[in-house]
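Biologist: Could you walk me through reading this model, one feature at a time? I would like the general idea, then the case at hand.

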Amino acid sequence: MGHELRNPLGVISNAVYFLRLIQPGAADKVKEYLGVIEGQVRIADKIIGDLLLYGRSRSVDLEHVSLARLADDALARFPPPANVAIDRRLPDDLPSLHIDLQQMAQVLGNLLVNAYQAMPGGGEVIFSAQRAEAGWLAISIQDHGEGIASENLAKVFEPLFSTKPRGIGLGLAVSRKLTEANGGRIDFQSAVGAGSAFTITLPIIEEVHP
């Protein structure tokens with residue numbers, strides 16, 4: 001089913017690329033709507049991906065991954081909209097992670113998309129990392145949106161729960177499943193009117209010096 005659904009999305013995406021290629025001087029309104037189509041294709045593809053990830057068990061292909069590589073991968077796959085800026089606070093001296101790159105880039109992507117959507121009027125997302133307890137690294141995605149109402153705090157990781165007008169409520173459920181499969185955990189803090197911060201804590205690779 002995922003394959004059959006992604007085929008037409010690929011056709012639409014290729015058509016948009018072709019239209020941009022042959023009409024470099026198109027009117028601003030045409031460019032705007034092409035951008036809307038691209039955005040909707042990405043949303044649909046993400047929903048399909050979340051359904052596939054949640055509905056099946058996946059093996060974990062662990063490797064040594066630098067924080068910079070993980071962050072670059074996540075941001076390339078899930079770039080911010082024009083009205084959102086990324087404040088990247090990722091020290092260069094942090095050790096490598098021992099994770100499945102594709103899975104954890106998906107997790108960070110889910111958190112980034114949630115942060116973007118929490119600020120429909122635009123704003124800044126803080127993408128930070130620091131050492132946690134010995135052998136662990138904490139990576140946080142923080143927005144300055146409306147925050148999560150107290151009655152919903154216990155439900156955020158439940159499958160099919162969502163307060164968004166669009167979406168099916170699988171992003172955070174998938175994120176927790178993949179994070180735990182990689183030997184980590186996911187936590188969050190949120191306050192109404194102040195925004196939310198989601199943190200994933202993952203195992204690291206300590207360098208051994210002779």
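Biologist: Which residues of helix H3 are buried?

Modeller: Buried means under 20% relative accessible area, exposed over 50%, and partly exposed in between, with a 1.4 Å probe and protein chains only. In helix H3 (residues 67–77), the buried residues are Leu67, Leu70, Ala71, Asp73, Ala74 and Leu75. Helices (H or I, at least four residues) and strands (E, at least two) are DSSP runs, numbered from the N terminus. Before we go on, this is a predicted model: local features need pLDDT of at least 70, side-chain atom pairs count only at pLDDT 80 or more, and totals for chains, interfaces and linings use all residues. Residues are numbered from 1 along each chain as its sequence is written, and side-chain values use heavy atoms, with hydrogens and water left out.

Biologist: What covers the buried residues of H3?

Modeller: For that we look at contacts, meaning heavy atoms within 4.5 Å. The cover includes strands S1 (63–65), S2 (84–89), S3 (96–99), S4 and S5 (136–142), along with helix H4 (101–117). Take Leu70: leaving aside neighbours within four places in sequence, Leu70 is in contact with Val65, Leu97, Ile99, Leu101, Met104, Ala105, Leu108 and Ile139.

Biologist: Which residues of the largest nonpolar core touch the most other members?

Modeller: The general idea is that in soluble globular proteins, nonpolar side chains tend to be buried together. A nonpolar core is a set of buried Ala, Val, Leu, Ile, Met, Phe, Trp, Tyr and Cys residues joined through side-chain atoms within 4.5 Å. Here the largest one has 39 residues, and Leu70, Phe127, Ile139 and Ile200 touch the most other members. At least two core residues come from each of H3, S3, H4, S4, S5, H5 and S7. H4 gives the most, with 9 residues.

Biologist: Is Ala129 buried or exposed?

Modeller: Ala129 counts as buried because its relative accessibility is 10%. This residue lies in strand S4 (residues 123–131). Not counting residues up to four places away in sequence, Ala129 touches Leu67, Arg89, Leu90, Pro91, Leu94, Ala138 and Ile139.

Biologist: How many aromatic pairs does the whole structure have?

Modeller: A pair of aromatic rings is described by the distance of the centres and the angle of the planes. Rings of Phe, Tyr and Trp (its six-membered ring) pair if their centres lie within 6.5 Å; planes under 30 degrees apart count as stacked, over 60 as edge-to-face and the rest as tilted. A search of the whole structure finds 3 such pairs. Phe157 and Phe198 are edge-to-face because their planes stand at 85 degrees, with the ring centres 6.4 Å apart. Phe157 lies in the loop between S5 and helix H5 (171–181) and Phe198 in S7, so this pair ties together parts that are 41 residues apart in sequence. Both Phe157 and Phe198 are buried. Phe188 and Phe198 form a stacked pair, 5.1 Å centre to centre with 15 degrees between the planes. Phe188, at 22% relative accessibility, counts as partly exposed.
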